[in-house]
Amino acid sequence: MTSTLAQVRSYERSVQLLMVNQFTINLGFYMLMPYLAAHLSGTLGLAGWVVGLVLGVRNFSQQGMFLVGGTLADRLGYKPMIVAGCLLRTVGFAMLGLVDSLAALIAASAATGLAGALFNPAVRAYLAADAGERRVEAFALFNVFYQAGILLGPLAGMVLTGLGFRVTCLVAAGIFALLSVVQLRALPARRAEDTTGRQSEGGDGVLAQWRGILANRPFLLFSGAMIGSYVLSFQVYLALPLEVRRLGGEGEFGTAAVALLFAVSGLGTILGQTRVTAWCKARYEPGQALTRGLAVMGVAFLPLLAATAVPVPASGIGLWLLAAVPPTLTALLLAAGTMIAYPFEMDTIVRLSGDRLVATHYGLYNTICGIGITLGNLLTGAALDTAREAGLPALPWISLVALGLACAAALYGLHRTGRLADPAPQLRPVTA
């Protein structure tokens, strides 16, 4: 951990602040969101479909507005969008704890989602710009802070929710309010720049810019190939907890085993990310690292696949081990694959953009992957249901292994054909 902090201090202040900001953003978000559904259905007594609607609005408003958020960041500057997103989430989180009407809850949920769409592309574009040639290492450190927030947020939320969900909401809102003030005072202003060093003043129309990005075939192919990584990593929240509880039950053991999944994933990244990135950068080209990362994420589901061949004990330690060990191994391997791929993934987006309209590219990339996650989770859920009904427990895990290997093969093809390299000089913006 000391070496990680030393690496952070080697960057300029803006990069350091962005990393701490991301930790704080995730801390505030994850101290509240895991407990929102229970508050809506329990404390407020809302029907299941209403709970799903409120949560779905948050996801839709974030995924659907990423492209707009990225475009605004490129045209207006990164700092205004980061601050605006944090202020909007302050309002949204406070409302979630103070209101109980459906219309107000939907508005609050939409505000929290839109907030993420505003600051996420801006943060990543800002980090890429100020990290310069050390982008890969900077994104590795960024992921450490990102995962630390995810790890500690639910723990803080569990303590606060014991005092009342309203307390959790107000504390989370207070964190984002404080973050807004800190960024207003300490984060330097940063405008998007193209490769000629000219600041983007919005000379091109938005629709023309979007058409240009949609014509960037290597970027679109890369975005499509990377969808699998997000579908696979999301199974830590979907398929793995369901499998733990299917075998281990809903009691204390099931809860503890699910907590172990998150702890293994988060701690593995915090402790290993910078070492894994340094090792991969010394040995592989970016496309090779991405291919290997996706392959590891695909084979991560082999422990669960192998476990389907083992007879399920009726009870006792054997049942507990079967319920906990294979999912935990899968979570650890998913974390390893993400550690390999993530820094090179973020760097590749910048390179494929030609260092122009970087936040807009991040926004479109997030939207594409968000749609992919939604469809992937629907198909994963269908595979889990089919597996139970048809007595084919291996079906979901075979499907996920195949998805990971197919995406790895697609990335390998893009790398071999040179489509993950920097754009050709004639495709870069030229001086007028």
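**Salt bridges and a helix crossing**

Hi everyone, let's start in helix α16 (residues 358-390), where D385 and R388 sit 3 residues apart, about one turn of the helix. Helices here are DSSP runs of H or I, at least four residues, numbered from the N terminus. This is a predicted model, in which local features need pLDDT of at least 70, side-chain atom pairs count only at pLDDT 80 or more, and totals for chains, interfaces and linings use all residues. Residues are numbered from 1 along each chain as its sequence is written, and side-chain values use heavy atoms, leaving out hydrogens and water.

Back to our pair: the side chains of D385 and R388 form a salt bridge (2.4 Å, N to O). That term means a side-chain nitrogen of Lys or Arg within 4 Å of a carboxyl oxygen of Asp or Glu. How many salt bridges does a search of the whole structure find? It finds 5.

Another one joins R135 and D347, at 2.7 Å, N to O. R135 belongs to helix α7 and D347 to helix α15, so this pair ties together parts 212 residues apart in sequence. Are R135 and D347 buried or exposed? Both are buried, meaning under 20% relative accessible area, with exposed over 50% and partly exposed in between (1.4 Å probe, protein chains only). R135 and D347 are also linked with R351 and D355 in a network of salt bridges.

Finally, the side chains of E137 and K281 meet in a salt bridge at 2.6 Å, N to O. E137 is partly exposed at 24% relative accessible area, and K281 is partly exposed at 38%.

Notes. Helix = DSSP H or I, 4+ residues; strand = E, 2+ residues; numbered from the N terminus.
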